[in-house]
Amino acid sequence: MVVSAKPALQAASVEFDVKLIRKLDHAGPRYTSYPTADRFTEAFGYRDYLQAVAGLRTRGNRKPLSLYLHIPFCDTVCYYCACNKIVTKNRDKAAIYLSYLKREIEMQGQLFVGMNHVEQLHLGGGTPTYLSDAQMADLMAQLRRWFQFAADDVGEYSIEIDPRTVSGARVRRLREQGFNRISLGVQDFDPDVQQAVNRIQPEDETVKIIDAARDAHFRSVSIDLIYGLPKQNVITMAQTLTKVIKASPDRIAIYNYAHLPHLFKPQRRIAEQDLPGSEVKLDMLSLCIGRLTDAGYVYIGMDHFARPGDDLAVAQRQGRLHRNFQGYSTHAESDLVSCGVSAISAVAATYSQNVKTLEAYYDHLDNNQLPVVRGIKLNMDDALRRVIIQTLMCNFELSVPSIELAYPVTFAEYFAPEMEKLQALTQDGLLTIDADWISVTLKGRLLIRNICMVFDRYLHATPDRVRYSKTI
Ligand code: SF4
């Protein structure tokens, strides 16, 4: 992250400009990485990953690590789902997976001996709580065997839960097992919407789980919502928002549902005539932003809101916000080590991804090989653009002199074509540019992906955007 000398943003906020959004609502990446995962290739493999870790060791790396574990199983399928998951009721599958996952953790632990201090852990899926209480305890014990975890008040240890699969007692156990942040999938409280997406989740059950998380002293409770689902409209959204605000989570993410049935099979079960039109979607988004900011939430960026006292909002005010595969984070500059099918690691100047099927995952580990099968090694240009995109995404401003100090480039010359494109966005009122700063305006914040896309060299080389969701 480029250090900014300008006073940090006071209270990040946002302005909804419907004309601008209509004009610039193209498809584009979410930039949880740069280059984006669709640019990874099979030319990068297991040995390249080992080299990247060896490089860290040679440089005497002392930075704390971030860990991600992918648990791919779910009980039932939600029709909107675009995740890499396996829907099964056969719990034996989870037991087999866990034994291999533990093996991968051990192999990664051996690689990182002496530089295995961890300050961030995230369990995602699928449904991490598909694992039983005992299996979770076993998994956490294995992690602690191979990695050194920072104290609870320093580390950020989070888990995604499906409120339909846990009890209050299970939530308390998760806190005892070391998690201090919890994220609940809600999507929408309306029963018709829930029916239309095959995710029946009574409101009182969800609220009970939120209360249990507070009682168990989780440091942060986060809720995920989606706008654009079948049967949703402004009225159902208003009702859901009233309930969410009453439940008062620390963080709220509101994702745009991208209907891409040609890419994601479960979405073919959604009746297209039930989907809200783009005008209704914009009205819903406007409503969400208005209601949440009125309720005191701070706009963090992309689809995220947080209470002003939450670590994410504090980190943003202090210019310490970071972005990785799990979205926004307060732990900048950590190497990310990921385990499990399809998981993506970011170590030194590389990204590497594991195989996507269980069979191939087990085969690799049976052969004593880490299951890395694709990735990318960043060159200087990639690393420079990654810093620019991350800084804009997190801080909504970029100090040109700090880029020139950190990299051997004259910004105006190196990025001459990009500056021309940015000038056009300036005319639209998305940003301002002076000699030293590129600053995103309040109405430009919602369209931050459009601004970042200007710096994406790969997007311009092959502008094939059908695989991306719309930016709003
Ligand atoms: S949305 Fe979550 S719980 Fe639903 S099928 Fe996808 S991964 Fe599983």
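The domain assignment divides the protein into domain 1, comprising 1-35 + 380-472, and domain 2, comprising 37-337; these bounds come from an automatic or database domain assignment. The centres of domain 1 and domain 2, taken over C-alpha atoms, are separated by 25 Å. The structure is a predicted model, in which local features need pLDDT of at least 70 and side-chain atom pairs count only at pLDDT 80 or more, while totals for chains, interfaces and linings use all residues. Residues are numbered from 1 along each chain as its sequence is written.

Confidence is expressed as pLDDT, the predictor's confidence in each residue, from 0 to 100. The average pLDDT of the protein is 92, and 95% of the residues score at least 70. Over residues 1-12, pLDDT stays under 50, and the model has 35 contacts beyond four places in sequence for this segment. Two residues are in contact if their C-beta atoms, placed from the backbone, lie within 7 Å. Where pLDDT is low, the predicted coordinates should not be read in detail.

Gly126 is located in the loop between β4 (117-125) and α4 (133-146); helices (H or I, at least four residues) and strands (E, at least two) are DSSP runs, numbered from the N terminus.

A cis peptide bond also leads from Tyr34 to Pro35, with omega near -5 degrees. Pro35 belongs to the loop between α1 and α2 (46-58), and Arg30 is likewise placed in the loop between α1 and α2. Arg30 counts as partly exposed because 18 C-beta neighbours lie inside 10 Å; a residue is buried if 20 or more other C-beta atoms lie within 10 Å of its own, exposed if 12 or fewer, and partly exposed in between, with C-beta atoms placed from the backbone. Although Arg30 and Phe325 are 295 residues apart in sequence, their C-alpha atoms are 9.7 Å apart in space. Not counting residues up to four places away in sequence, Arg30 touches Met302 and Arg449.

Met302, in turn, is situated in the loop between β10 (298-301) and β11 (304-306). Its phi is near 50 degrees, a positive value in a residue other than glycine. Met302 counts as buried because it has 22 C-beta neighbours inside 10 Å. A positive phi, near 75 degrees, is also found at Lys231, a residue other than glycine, in the loop between β8 (220-227) and α8 (234-247). Lys231 is partly exposed, since 19 other C-beta atoms lie within 10 Å.

Asn180 occupies the loop between α5 (168-176) and β7 (181-187). With 19 C-beta neighbours inside 10 Å, Asn180 counts as partly exposed. Its contacts, leaving aside neighbours within four places in sequence, are with Asp152, Tyr157, Phe218 and Arg219. The C-alpha atoms of Asn180 and His217 are separated by 7.6 Å, the two residues being 37 residues apart along the chain.

Two helices complete the description. Lys23 is part of helix α1 (residues 18-24) and counts as exposed because 12 C-beta neighbours lie inside 10 Å. Helix α12 (residues 380-395) has 16 residues and, at 1.5 Å a residue, should span 22 Å, which agrees with the 22 Å between its end C-alpha atoms; the expected span of a helix is 1.5 Å times one less than its number of residues. The buried residues of α12 include Leu384, Arg385, Ile388, Ile389 and Gln390, together with Thr391, Leu392, Met393, Cys394 and Asn395. Just after α12, Phe396 adopts a positive phi of about 60 degrees.
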